[in-house]
Amino acid sequence: MPISPNPDTPWSLKRRLFRQWLFILVLLSIGTYLAASAIAQSVVQKSQDNLLQSIAQVILDSVIQRNQAVEFDLPYSAFDVLGYAAPEQTYYQVRVNNDVIAGYSDLPIPDTENNQSRVATTDLYLGDPVRFIQLSKPLNPTQSETVFVLLGQTRDSYQTTIGNIAILAASGTIIAFAVLAILGFTGVQATLKPLARIQKNLDSRTVEDFTPVTANAPSEINSLITTLNQTLEQHKRLLEQSRSFIAEATHQIKTPIAALSMESELLAKELSGPQRDRAHTLSVRARYTSKLIHQLLTQASLTYRSSEHIQQPTALPALIRSILRTLDTHAEQKGVGFNFVEPEAPSLIACDAIALREALVCLIENAIQFSPPLGDIEISIHQSPTQLDIHICDDGPGFGPDPERLKKAFVTTRDGHEGGGLGLAIAERVAVQHRGWLKLLNRPQGGGECVLSLPV
Amino acid sequence: MKCLVVEDTPSLAQHLTLHLTQASHTVDLATTLKQAFQCWELSGPQYDVVILDISLPDGEGSTFLEAIRKAQSQVSVLVLTARSHLEDKVHLLDAGADDYLTKPFELRELDARLRVLHRRGLGKLPDLQSFPPFEYDPIHRVFWCQRDQVLLRSQELKLLEAFLQTPGHVCSKASLMDRLYSLDQAVTENAVEVHMGRLRKKLKVYGVEFETLRGLGYRYAYKP
């Protein structure tokens, strides 16, 4: 089953990889950000808690009971330590049982379960989230009174630090992934490069170039190249077989026709009267058959050539001179003359020279066939910046009321002529293959005019 | 002319040989590539023209063509081909063929092409008849201008010969008509005018003019 690219859903390996990698990158970045954020949160909070706890412990240690009175000395230097650690608001409260003896009286009191001596909590105070640590100890040996130290600190700078750490971690991941992605793309590029070289090599080949493709490619692609070369070899063999068959078949068909034609011509020389005419007709019919075969094969060859988009710079005047040289003997027999009006400019055109030659041969042979004895065929080239017209004018009967019809295969206006009825169809096909056209005109002064127009 | 005909199809070879012999040519026939090389070894330089079929039982006729061109032979080669590949014709000319004929062909076309090829292949002889700006080779009926042959069709050649051979180089239409056509051919003076017109165009580049003399005909005039 042939494998061919689906024209409706073309996809690019690079685009697909890019999309997949972008998706993974986004997921990975979000994941890294969240994970880093959680870890930083935990670490930073633990660090803040430790700091708050140590300061609260200092305050708690300073609270003592002497002579039934509670005394304590607030350690201001400890608060300075908090200030150095982070530029945050700090709140404290010292209370005995439920009596606040120092600090902010409206701080939210955390719930204590099972008489915990340490409680850490985060609560809102004055609209900001505040981290609180509460430490407690019995004030006296009877444990009738308990002293609580509640120390709180806002968390803005800590949150900023946590955010920075998370962004840093995510950025690192993005950069690392981007580096990996670039390496991946380079790898894909390097893998595709031999394929691009192979494509270029195949594109630049001539019709008959079946030499094996060679490319310094990775081993993964080598098997593809091997298969491609095998296919090329198969095509070469098939083409050679087909060509050799056509050549042999043509030879086998046309050679006996040639013998028949020649024999009837020689016979005509020896005969006289109606028998001579019949021998001559036999010879004409034989040549007609051969010409038809030739034109059918020419059409088949043009189909093959059109798929190859052959374009080679061709000097049109030189091509026409060469054709006229070839056809001169044939024209001379009818007494038909050529008048080639050569252009001053070189008239170079990119075309399939062999196909164009065949088209012009068809048109000029057609003109010779229809020219009266001693008629003249005028060939001229007219070039504009965008178009090149080749005019072939003859003194014959013209193309009748419906010239377009004559471009169809096997349509002919005349009887008794040797044409196969394919010449104009071939010429038009070549014109269309070159994105041009063929016009058939009846000249006002009589005669026919073919204009083969090609874009420059 | 001495011709080497290389053709493997017996009937075609026989008819070709018969026709060429009837036309007073000397013909050697080779039906294989091997025989063609043998004939060439024996009398290669004596051939004026080689009529070569491309498809032979023991190889391609182009092998023979390439070999004789490699040996620097200037002999005229007319290739007969039954093939219809578009590239073949171009390839044959590139390989050194002077002309080709696609089978089947008319015998008179073969004759005409052989005549042209024979003329083209001729070398310039010394002491030719002067007819400024041309020199005339009466043996081979060829006009030369310095080192180049003047390529003319047979009717044009007859006309130019008429002017060369007439004192004062003045010819009447009637005399030219006699030159061109036999008595049994029904032609008008218009035919002479047509051929004169074509000859005028061809020789204009050499500085040659044909002046029309009312009631007399034409006068050949060289104006360098």
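## Worked exercises on chains A and B

Helix α8 (residues 423-433) of chain A has these buried residues: Gly423(A), Leu424(A), Ala425(A), Ile426(A), Ala427(A), Val430(A) and Ala431(A). Buried means under 20% relative accessible area, exposed over 50%, partly exposed in between (1.4 Å probe, protein chains only). Helices (H or I, at least four residues) and strands (E, at least two) are DSSP runs, numbered from the N terminus.

Quick ground rules: this is a predicted model, where local features need pLDDT of at least 70 and side-chain atom pairs count only at pLDDT 80 or more, while totals for chains, interfaces and linings use all residues. Residues are numbered from 1 along each chain as its sequence is written, chains are lettered from A, and side-chain values use heavy atoms, leaving out hydrogens and water.

**Exercise 1.** Work out how α7 and α8 of chain B meet.

- Step 1: the axes of α7(B) (residues 173-180) and α8(B) (residues 189-203) come within 9 Å and cross at roughly 85°. Axes are lines fitted to C-alpha atoms, for helices over the stretch in contact, with angles from 0 to 180 degrees between N-to-C directions.
- Step 2: that makes α7(B) roughly perpendicular to α8(B) (65 to 115 degrees).
- Step 3: α7(B) brings Lys173(B), Leu176(B), Met177(B) and Leu180(B) to the contact, and α8(B) brings Glu189(B), Val192(B), Glu193(B), His195(B) and Met196(B). Contact means heavy atoms within 4.5 Å.

**Exercise 2.** Is Asn216(A) buried or exposed, and which residues does Asn216(A) contact beyond its neighbours within four places in sequence?

- Step 1: with a relative accessible area of 70%, Asn216(A) is exposed.
- Step 2: leaving aside those sequence neighbours, Asn216(A) is in contact with Pro194(A) and Arg197(A).
- Step 3: Arg197(A) is 19 residues away along the chain, and its C-alpha is 9.6 Å from that of Asn216(A).

Notes. Parallel < 35°, antiparallel > 145°, perpendicular 65-115°, else oblique.
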